[in-house]
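Biologist: I am new to this structure. Please show it to me, and then I will ask about it.

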Amino acid sequence: MTVLPKWADAILIPLLSILISFVISGLVILYLGLNPFEALRLMVTGALGSSYGWGYTLYYTTNFIFTGLCAAIAFHARLFNIGGEGQATLGGLGAALVCLAIPWPHWTLALPAALIGGALFGAAWAFIPAWLQARRGSHIVITTIMFNYIAAALMVYLLVEFLKPEGSMDPATRRFGPGAELPLFSDIFGLVGIPFSSSAPANISFFIALLACLLFWLLVWRTRLGYEIRAYGHSETAAGYAGISPARMIIVAMIVSGALAGCMAINSVMATERLVLNSVEGAGFIGLAVALMGRSHPVGVILAALLFGFLYQGGGELALWANIPRELIILIQGLVILFTGALDNMVRMPLERIFLMIRRPGRQGA
Amino acid sequence: MDFLTLLQVLDTTVRLATPLLFACLAGLVCERAGIFDIGLEGKMLASAFFSAAVAAISGSVWIGLLAGVTASMALAGVHGLASITFRGNQLISGVAINFLASGLTVLIAQDWFGQGGRTPSLSGGARFNEIKLPFADLLSGLPYIGQSYAELFSGHSILVYVGFLTVPLTWWVIFRTRFGLRLRAAGENPEAVDTAGVNVIRLRYTAIAICGLLCGLAGVYLATGLQAGFVKEMSSGRGFIALAALIFAKWRPWYALFSCLLFGFFQALSFRPDVVKAVTSLDVPGQLLDALPYILTVVILAGFVGKAIPPRAGGEPYVKEN
């Protein structure tokens with residue numbers, strides 16, 4: 001039985017949960033000696049007050065859309081893919097190798113190639129835990145956590161031993177070259193005469209991320225495969241009776257998930273024009289918060305990614321002007337995950353009671 | 001490699017295994033009661049910060065210990081609220097706790113001390129200092145046995161000894177007491193425990209409190225024993241290695257001791273690449289040694305070396321029948 005109307009479930013509960021997280025964050029900011037509204041003003045000015053701010057906000061948003069979709073597709077199959085971080089790391093390696101292997105003549109060729117490279121590597125990194133879960137029953141949460149650490153160690157090893165240019169101390173690859181340079185927002189908007197800051201990193205990947213959201217929606221709600229994934233996520237037994245193979249669903253959902261995380265590399269690696277250590281910067285984990293907040297729906301993911309992009313850029317500004325460390329974002333991220341994910345029922349239970357009381361006046365609820 | 005180098009590596013192993021051991025036993029108690037906890041890392045980190053911070057302010061490591069354990073238990077309480085009372089997803093709650101700890105510790109550290117997210121370094125009574133066991137000096141001249149006694153067994157902080165004693169204690173509580181039997185039953189078949197008239201909710205909260213206490217000790221040792229003060233992200237994945245050790249140990253206390261020592265040994269080796277090179281005459285990359293606990297865990301989980309079967313009702317919130 002569903003007590004809540006659909007809109008309350010999809011919009012009201014997440015909004016209330018976010019409100020609670022923000023109130024707590026505000027109290028923490030107050031404790032740190034800053035007026036929360038002043039902090040909010042600083043963040044809004046820094047993140048949304050200029051095309052430079054927007055350029056960074058949307059750059060981060062692009063990352064979070066990809067990792068958000070990565071977590072979301074896994075959630076649809078009731079899998080908890082905490083390995084987005086490692087998959088995006090490997091995706092970065094794939095995209096970087098593609099960019100380094102060939103002196104690309106033009107970005108229109110380099111971009112699809114890097115996208116495929118990133119997606120393949122990300123998918124491969126997700127495939128191993130998926131296979132282990134499907135065939136050997138090893139818990140995917142633990143294995144994907146382990147794979148995050150293995151990916152980090154592997155990345156240090158490869159960068160230090162093989163990929164960094166001779167004589168360089170910095171563990172990073174050489175620059176990819178002019179043929180792999182992606183058009184920035186300043187280039188794109190310049191075509192139609194809108195001035196946009198050219199020092200902000202937002203680039204064409206943002207539109208690819210939006211396209212990925214559309215494809216995600218089509219896949220999940222308009223194809224047979226998407227139906228099977230959702231059916232499996234709702235009930236493994238029912239899906240089994242309908243002839244849907246659980247092992248196949250786990251593997252397919254995780255491959256798509258890993259590929260989406262890997263696609264992030266076009267933004268985080270290709271747009272920065274070289275592969276550095278820790279290019280993912282925690283975006284894989286933020287994806288979990290984004291997917292939970294966005295209720296695993298592409299529109300929700302876009303909105304949540306935008307919110308986190310704003311928090312990320314605004315938090316950086318706050319660190320610059322108000323002596324509040326960037327870690328504030330990690331705290332907010334933790335609160336959002338806690339309230340929209342784990343403490344969902346804390347908001348839901350009283351809300352259900354209220355709705356019951358409205359529906360049946362005079363009778364006590366549940 | 002001479003005997004003294006071996007002793008040094010083993011000595012480091014013991015030191016590095018101690019926080020793993022506390023966290024691993026914490027996870028053991030919790031998961032045996034049916035609550036998955038991937039927030040060990042966060043609890044450890046919170047405890048490390050609050051113990052170091054309060055020890056730095058008060059000058060007493062014991063007050064620091066109290067503060068660290070309290071912080072860890074408070075986070076454990078959040079986990080209990082989310083996963084027991086509100087029947088939320090235990091994994092998501094654990095992830096959230098890790099982020100909360102990682103963010104809060106740096107924010108508060110910067111606010112209190114203004115040193116870029118660290119505490120001042122601790123010395124004297126604000127740290128757990130090394131304890132010399134009786135006759136250590138006298139026996140250190142004796143080759144092998146005496147040397148081992150002086151170098152390996154003597155000269156650790158009190159928490160190391162407490163950690164190793166917690167192993168038999170945990171074994172005894174889990175396998176030899178009525179409470180332990182009920183705890184294990186709550187993790188395997190909570191309905192049966194309920195039918196017998198025992199309160200599953202209270203049992204699980206008790207387990208989570210013990211988990212918070214032990215994670216707290218892990219963090220306290222990290223910041224006031226192993227190192228002298230808190231630095232950003234100082235737990236550096238130990239909570240997850242402990243989780244790996246727990247699976248490796250198949251949720252059993254004595255095996256946990258063995259697996260924590262093994263993983264501690266790998267960590268000790270990654271500090272001594274020269275030793276690894278001298279013994280194996282291979283140039284083993286340090287990153288491989290870093291990643292070895294994780295790789296081993298995946299291999300174990302894959303069931304290639306024995307099968308690890310978690311408690312049956314693990315991860316499931318218990319809903320009492322009406």
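Biologist: How do the residues lining the second largest pocket divide into nonpolar, polar and charged?

Modeller: First, this is a predicted model, in which local features need pLDDT of at least 70, side-chain atom pairs count only at pLDDT 80 or more, and totals for chains, interfaces and linings use all residues. Residues are numbered from 1 along each chain as its sequence is written, chains are lettered from A and ligands numbered from 1 in the order in which they are written, and side-chain values use heavy atoms, with hydrogens and water left out. Ala, Val, Leu, Ile, Met, Phe, Trp, Tyr, Cys and Pro count as nonpolar, Asp, Glu, Lys and Arg as charged, and the others, Gly among them, as polar. On that basis the lining of the second largest pocket divides into 27 nonpolar, 15 polar and eight charged residues.

Biologist: What is the volume of the second largest pocket?

Modeller: A pocket is an open set of points on a 1 Å grid over the protein atoms alone, with protein on both sides within 12 Å along at least five of seven lines; a cavity is a set where a 1.4 Å probe fits but cannot get out, and lining residues have an atom within 4 Å of a point. Points are joined across faces, edges and corners, and a volume is the space filled by probe spheres set on them. For the second largest pocket, that volume is about 1600 Å³.

Biologist: Which helix gives the largest share of that pocket's lining?

Modeller: The lining has 50 residues, and Glu85(A), Tyr149(A), Asn278(A), Phe285(A) and Glu233(B) lie nearest the centre. Helices (H or I, at least four residues) and strands (E, at least two) are DSSP runs, numbered from the N terminus. The largest share, eight residues, comes from helix α6 (residues 140–163) of chain A.

Biologist: Where does Asn278(A) lie, and what is its phi?

Modeller: Asn278(A) is in the loop between α12 (265–270) and α13 (283–293) of chain A. Most residues other than glycine have a negative phi. Asn278(A) is not a glycine, yet its phi is positive, at about 55 degrees.

Biologist: Which loop holds Arg87(B)?

Modeller: Arg87(B) has a positive phi too, near 50 degrees, and is a residue other than glycine. Its place is the loop between α3 (61–85) and α4 (90–113) of chain B.

Biologist: Which residues line the largest cavity?

Modeller: The count gives one cavity of 30 Å³ or more. The largest cavity has a volume of about 40 Å³. Helix α3 (residues 51–76) of chain A gives the most to its lining, with three residues. By type, the lining has five nonpolar, two polar and one charged. The lining residues are Tyr60(A), Asn63(A), Phe64(A), Ser279(A), Val280(A), Glu281(A), Ala283(A) and Tyr312(A).

Biologist: Is Arg348(A) buried or exposed?

Modeller: Arg348(A) forms a salt bridge (a side-chain nitrogen of Lys or Arg within 4 Å of a carboxyl oxygen of Asp or Glu) with Asp9(A), the closest N and O atoms being 2.7 Å apart. This pair links distant parts of the chain, helix α16 (residues 344–359) and helix α1 of chain A, 339 residues apart. Buried means under 20% relative accessible area, exposed over 50%, and partly exposed in between, with a 1.4 Å probe and protein chains only. Arg348(A) has 18%, so it is buried.

Biologist: Why does Asp9(A) count as partly exposed?

Modeller: The class follows from relative accessibility. Asp9(A) counts as partly exposed because its value is 29%.

Biologist: How far apart are the closest N and O atoms of Glu228(A) and Arg248(A)?

Modeller: Glu228(A) is buried, with a relative accessible area of 10%. It also forms a salt bridge with Arg224(A), at 3.5 Å between the closest N and O atoms. Glu228(A) and Arg224(A) both lie in helix α9 (residues 224–234) of chain A, four residues apart. For Glu228(A) and Arg248(A), the closest N and O atoms are 3.4 Å apart.

Biologist: How many salt bridges are there over all chains?

Modeller: Counting by the salt-bridge rule over all chains gives a single total. That total is 12 salt bridges.
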